[in-house]
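This report describes how two protein chains meet. Look at the sequence and the structure first, then read on.

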Amino acid sequence: MKLRPLADRVIVKRLENETKTASGIVIPDNAAEKPDQGEILAVGPGKMDDDGDRLPMNVKVGDRVLFGKYSGQTVKVDGEELLVMKEDDLFAVVEK
Amino acid sequence: MKLRPLADRVIVKRLENETKTASGIVIPDNAAEKPDQGEILAVGPGKMDDDGDRLPMNVKVGDRVLFGKYSGQTVKVDGEELLVMKEDDLFAVVEK
Amino acid sequence: MKLRPLADRVIVKRLENETKTASGIVIPDNAAEKPDQGEILAVGPGKMDDDGDRLPMNVKVGDRVLFGKYSGQTVKVDGEELLVMKEDDLFAVVEK
Amino acid sequence: MKLRPLADRVIVKRLENETKTASGIVIPDNAAEKPDQGEILAVGPGKMDDDGDRLPMNVKVGDRVLFGKYSGQTVKVDGEELLVMKEDDLFAVVEK
Amino acid sequence: MKLRPLADRVIVKRLENETKTASGIVIPDNAAEKPDQGEILAVGPGKMDDDGDRLPMNVKVGDRVLFGKYSGQTVKVDGEELLVMKEDDLFAVVEK
Amino acid sequence: MKLRPLADRVIVKRLENETKTASGIVIPDNAAEKPDQGEILAVGPGKMDDDGDRLPMNVKVGDRVLFGKYSGQTVKVDGEELLVMKEDDLFAVVEK
Amino acid sequence: MKLRPLADRVIVKRLENETKTASGIVIPDNAAEKPDQGEILAVGPGKMDDDGDRLPMNVKVGDRVLFGKYSGQTVKVDGEELLVMKEDDLFAVVEK
């Protein structure tokens, strides 16, 4: 099953805390806290402006992104928990 | 009876949980939770901009769509419970 | 007495539950629940944009429309309870 | 004393319940409820758009109008209680 | 000391209740209620639009204006209590 | 240390109550109430519009300004308590 | 690991209180209060307008900036606590 996001939405898979520690990131206050990084699995075509044109997206599939702890909405697809958010909920691309 | 949605609204029929499990989707935390996928039964002509032009819709009748648990409003038509939502409440098209 | 709605407003007469059951619609959870369909009695000239032009209305007198349970405001005219709502509160036109 | 409303405001004098019953209108649930019809006493020049042009008003002095129970703000002028509201708070013109 | 209001603000001096009763206005429910009329002491240059142009003001120094009971913010200047409000908080000009 | 405000922000130093009384201003209800006048220490370059142009500012360094009791945010710079606010939070320029 | 902020976001590293006192800044009421100055570590490309153009950013990497106590969202990257905020959350650039 494949998801094709609409407008300026992206589908994000949260990175596991383990993965994150390996790359040097520490989630401090609460060991159970959900990581605030993920990988982009799918990218929408961009928001449509009033002339019917699309504003280009600034992230692409495979980007590692940083987002707010409470950003996005959780969906379960093929047994996997994913996040759906708007591009504007993304803070930054994490470059390796 | 046929529904002709106005503006950028769509009429969605929720997929049953059974159907969803068959296609590999699991709704985890709560067995009674309503599925967050559905099939589009009718599509409005698009939102009208200030010049009276319509912005094109990005979904079509028959599309399987993913949406938020609390999206849309429920209506009963011919004994069937349907959802009315705006296109912007749709997260993604699920491609098979 | 005749009502001439302003801007993008419509005057709607709710259909009685009886009428609705006859056409196959069931309002399930609560027998006393108000029907969410009605007939349009009057249509405004459309919202005026910033250039003073009117955006065309997409419904007409006589249309059977579907709307939200809590849409519109109730007024009593000549002893009859009517609903005033904006076109954008209408979900769909019900075609017979 | 004369009031010259600003922008898209109108000055409305509520019709007395007696007047309304005479013309066939009934305010049902609560005999003490304030009538939701009135007569327009003064009309502003229209809202100014960003170019300094005025959008034309769609009601005129003498029009009988229908409005929401909680629309407008009450002012007392020369001992008479009047309502100040924006044109957009008016639902419809009542034609005789 | 002179006040030069910014943008679309006006400085208003509330009329005393005495003055108002003399001109026939009655503030009914509460003798201590603050009057909702005042005289304009100073007028700003108008709101600046996105092109840096000013939208003209529709009131002038000396105008007697009607406003909402809770409009504006109180300031004390040279021992005198004045009201600062935006032009859009003014309901009407009272013509004598 | 010098502050260069961004966009349409200004840095304001509140006038002491003493200064204000000397110029005839009285803060009545509460002797401990903070004065609502200040002097502008720094002015931003103006808000940028959608074309990247700046809207001109209407106040300048040294202006004595009137603002709301709860306007702005307090910062401490070099031991001095200052206010940061947007130009739109300023009511008027006080001319001597 | 490097962060590439999206749109008009900046990544800020809060200055320690010690650093701040050295440069003459005092955070008074509460010794444990978080400093409201920081250094910009990364700057986004600017907000995209409706034509797909970017509005230029007004701060650059290395700028010392002043912001509100509650501005931004905290993220931990490589063990370091950073702030993500929009440029509009920045009050001023502190010039040395």
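Between chain A and chain B, seven residue pairs are in polar contact, with both residues at pLDDT 80 or more. The model is a predicted one. On the side of chain A that touches chain B, at least two residues come from each of β1 (2–5), β2 (9–14), β5 (73–77) and β6 (80–86). The residues of that side comprise eight nonpolar, four polar and nine charged.

The table gives counts for the contact between the two chains.

| Item | Count |
|---|---|
| Residues from chain A in the contact | 21 residues |
| Residues from chain B in the contact | 23 residues |
| Salt bridges between chain A and chain B | three salt bridges |
| Pairs in polar contact between chain A and chain B | seven residue pairs |

How much area is buried between chain A and chain B? The value is about 2000 Å², and carbon and sulfur atoms give 55% of this area. In chain A, the residues that lose the most area to chain B are A:R4, A:L6 and A:K76, which together make up 31% of what that side buries.

A:R4 also takes part in a salt bridge: its side chain meets that of B:E95, at 2.8 Å from N to O. B:E95 has a further link to chain A, as the bridge partner, in β7(B), of A:K2.

Notes:
Residues numbered from 1 in each chain as written. Chains lettered and ligands numbered in written order. Predicted model: local features only at pLDDT ≥ 70, side-chain atom pairs only at ≥ 80, totals over all residues. Heavy atoms only, no water. Contact = heavy atoms within 4.5 Å. Buried area = accessible area lost by both parts, 1.4 Å probe. Salt bridge = Lys/Arg side-chain N within 4 Å of Asp/Glu carboxyl O. Polar contact = N/O pair within 3.5 Å; in protein donor to acceptor, adjacent residues only side chain to side chain. Helix = DSSP H or I, 4+ residues; strand = E, 2+ residues; numbered from the N terminus. Nonpolar A, V, L, I, M, F, W, Y, C, P; charged D, E, K, R; others polar. Pairing = 2+ DSSP bridges.
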